[in-house]
Amino acid sequence: MKKVTILIPAYNEEEAIPALYAELDRVSALCGDYLFDFLFVDDGSSDATLFILEQMRQKDQRIKTLALSRNYGKETAMMAGIDYAEGDALVILDADLQDPPELIIEMLKWWEEGYDDVYAKRRTRKGESWMKRITSKRYYAMLQKTTRIPLQRDTGDFRLLDRRCIDALQTIRETQRYTKGLFSWIGFKKKEILFDRQPRIAGKTKWNYFNLINLAIEGFTSFTIVPLRISTIAGFFVSFIAFIYMIIILIRTLMFGPDVSGYPSLMMVILFLGGIQLISLGVIGEYLGRIFNETKKRPLYFIDTYNEEKVYNISDGNTKI
């Protein structure tokens, strides 16, 4: 029988975990031709999430718990789960039940048809503000225009990945991670299925606008150098305008003599050029900061416990119990 690992990153999800487990248990019972294990990655939760998971694991040995040493963020938590996935296929699922687990049945069907990456695309997004929906749509449109990689719009992390995709993702050890882009970057045969996203079943979202902006910046800087090119083009354009303006000032001075007035226009030009320079330096700094982080070659994460057993982290990034 083929084995399917269901990966659930969890951070302060004590209210949602029991309902999620009930749904996973129901769906797995409908898929009797497969062996399932439920890999919960606790991303340094400060509530009773890990305690609840350990209590559940005592009753159901399909549950596996991977507790990180601190809160690393969802992207890194997913990577930890990918590293520990044992199944022939991996399903990534959020703990808040916004992504319906019953869709796993359809994912398995397409997987058996030969697809390596079966991803769920949101047809509707209930429980989200109109501002978030509009900004998300515009962001993905802009990102797609700046890269040659065919990115998947209106999709999250909810998908089924074949073992080939899992092995490919395990080789990518970037510290600045944008996993949604990596799913597209690795390629393989993909299949889209549509669903209506529901509101959270419990708890509060961990994604505020500040975190979403950081994720958007990760997307741009991880998969395109267009911001650097825009800075270069803007620099050439402003320099060209400044050169034309210099010629005009020179001709006026030669024809009509020096003009003492013009302080406001001079300040406008100085401030405009200064702003362009600061923006360009900021863009360069974003890329330079990512280079700095990558050169340190730190491990992506450290594990505290795996199934309640302490993990000893080795210097090469591997782990042992």
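Predicted model: local features only at pLDDT ≥ 70, side-chain atom pairs only at ≥ 80, totals over all residues.
How many bridges join strand 1 to strand 2, and do these strands run parallel or antiparallel? Nine bridges join the two, and they run parallel.

- Strand 2 spans residues 34-42 and is mostly covered, with eight of its nine residues buried.

**Pairing with strand 1**
- Strand 1 covers residues 2-10.
- Lys3 has Leu35 of strand 2 as its bridge partner.
- Together with helix 1 (residues 17-30), strand 1 and strand 2 make a right-handed β-α-β unit.

**Pairing with strand 3**
- Five bridges link strand 2 to strand 3 (residues 63-68), again in the parallel sense.
- Across this pairing, Phe38 stands opposite Ile63 in strand 3.
- A right-handed β-α-β unit is made here too, by strand 2, helix 2 (residues 49-59) and strand 3.

**A nonpolar patch on the surface**
- Phe237, Phe240, Ile241, Phe243, Ile244, Met246, Ile247, Ile248, Ile251 and Met255 form a nonpolar surface patch.
- Together, these residues have about 970 Å² of accessible area.
- One of them, Ile241, lies in helix 9, which spans residues 226-256.
- Ile241 has a relative accessible area of 42%, and patches take residues with over 30%, so Ile241 passes that cut-off.
- With this value Ile241 counts as partly exposed.

How values were computed. Residues numbered from 1 in each chain as written. Heavy atoms only, no water. Patch = residues over 30% accessible without salt bridge, like charges linked within 9 Å, V, L, I, M, F, W, Y side chains within 5 Å. Areas by Shrake-Rupley, 256 points an atom, 1.4 Å probe, with all protein chains shown as cover. Salt bridge = Lys/Arg side-chain N within 4 Å of Asp/Glu carboxyl O. Helix = DSSP H or I, 4+ residues; strand = E, 2+ residues; numbered from the N terminus. Buried < 20%, exposed > 50% of the residue type's maximum accessible area, 1.4 Å probe, protein only. Pairing = 2+ DSSP bridges. Right-handed = clockwise from strand over helix to strand, strands pointing away.
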